[in-house]
Amino acid sequence: MRRPAVAIAVCACLASGCGGDDEGEGRTETFPAEEGRIRVVGREYSFDPSNVVLAGGPAQVNVALDNRGSLAHNLKLFKDGREVGGTPTFEGGRTRAAWIKLDLGSYRMVCTVGDHEELGMVGALEVEP
């Protein structure tokens with residue numbers, strides 16, 4: 001008699017997503033351009049925040065990736081299909097940064113290591129006036 005109750009509890013837990021690590025998924029964070037820095041956390045296979053707004057741009061910005069994953073990652077920015085800059089690829093447990101001139105508009109954040117982009121390590125950056 002207990003087995004159906006356990007099965008229902010397990011299915012409910014899986015359907016609600018319990019046990020998963022959805023931290024940062026779809027989260028938006030705004031950074032003021034006058035501070036001159038953006039910080040993103042990378043894990044397998046996501047960025048947190050995955051949506052970044054740079055308010056008061058355009059600006060020269062220090063973009064930092066805090067790699068909290070166990071694999072090597074990077075953060076590259078693309079505008080109109082062209083890479084405009086980003087961090088080098090580096091091992092987990094470290095942070096690396098790069099200075100990037102960001103003009104007004106929309107950018108794609110991508111980890112270009114292996115198939116990380118296809119696995120969901122993507123995001124968006126918007127530079128607003």
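**Exercise 1. Strand pairing**

How many bridges join strand E9 to strand E10, and do these strands run parallel or antiparallel?

*Solution.* The model is a predicted one. Step one is to locate the two strands: E9 covers residues 105-110 and E10 covers residues 122-128. Step two is to count: 6 bridges join E9 to E10, and the two strands run antiparallel. Step three is to find a facing pair of residues: Met 109 stands opposite Gly 123 in E10. In general, strands of a sheet pair through backbone hydrogen bonds, in a parallel or an antiparallel manner.

**Exercise 2. Backbone geometry in the loops**

Find two cis peptide bonds and a residue other than glycine with a positive phi.

*Solution.* As a reference, most peptide bonds are trans, and most residues other than glycine have a negative phi.

- A cis bond joins Glu 44 and Tyr 45, with omega about -5 degrees. Tyr 45 belongs to the loop between strand E2 (37-43) and strand E3 (46-48).
- A cis bond also joins Gly 57 and Pro 58, with omega about 0 degrees. Pro 58 is placed in the loop between strand E4 (51-55) and strand E5 (59-67).
- Asp 80 has a positive phi of about 55 degrees. Its loop connects strand E6 (76-79) and E7. With a relative accessible area of 76%, Asp 80 is exposed.

**Exercise 3. The surroundings of a lysine**

Is Lys 76 buried or exposed, and which backbone oxygen does its side chain reach?

*Solution.* Lys 76 lies in strand E6. Its relative accessibility is 15%; the limit for buried is under 20%, so Lys 76 counts as buried. The side chain of Lys 76 reaches the backbone oxygen of Thr 87 at 3.0 Å. Leaving aside neighbours within four places in sequence, the contacts of Lys 76 include Glu 83, Gly 85, Gly 86 and Thr 87, as well as Arg 108, Met 109, Val 110 and Thr 112.

**Exercise 4. A charge and a ring**

Which residue lies over the face of Phe 90?

*Solution.* Arg 96 lies over this face, at 5.6 Å from the ring centre.

Definitions and conventions. Residues are numbered from 1 along each chain as its sequence is written. This is a predicted model: local features need pLDDT of at least 70, side-chain atom pairs count only at pLDDT 80 or more; totals for chains, interfaces and linings use all residues. Side-chain values use heavy atoms; hydrogens and water are left out. A charge sits over a ring if NZ of Lys or CZ of Arg is within 6 Å of the ring centre and within 35 degrees of the ring normal. Two strands pair if DSSP finds at least two bridges between them. Helices (H or I, at least four residues) and strands (E, at least two) are DSSP runs, numbered from the N terminus. Buried means under 20% relative accessible area, exposed over 50%, partly exposed in between (1.4 Å probe, protein chains only). A polar contact is a pair of N or O atoms within 3.5 Å; within protein, one must be able to donate a hydrogen and the other to accept it, and residues adjacent in sequence count only if both atoms are side-chain atoms. Contact means heavy atoms within 4.5 Å.
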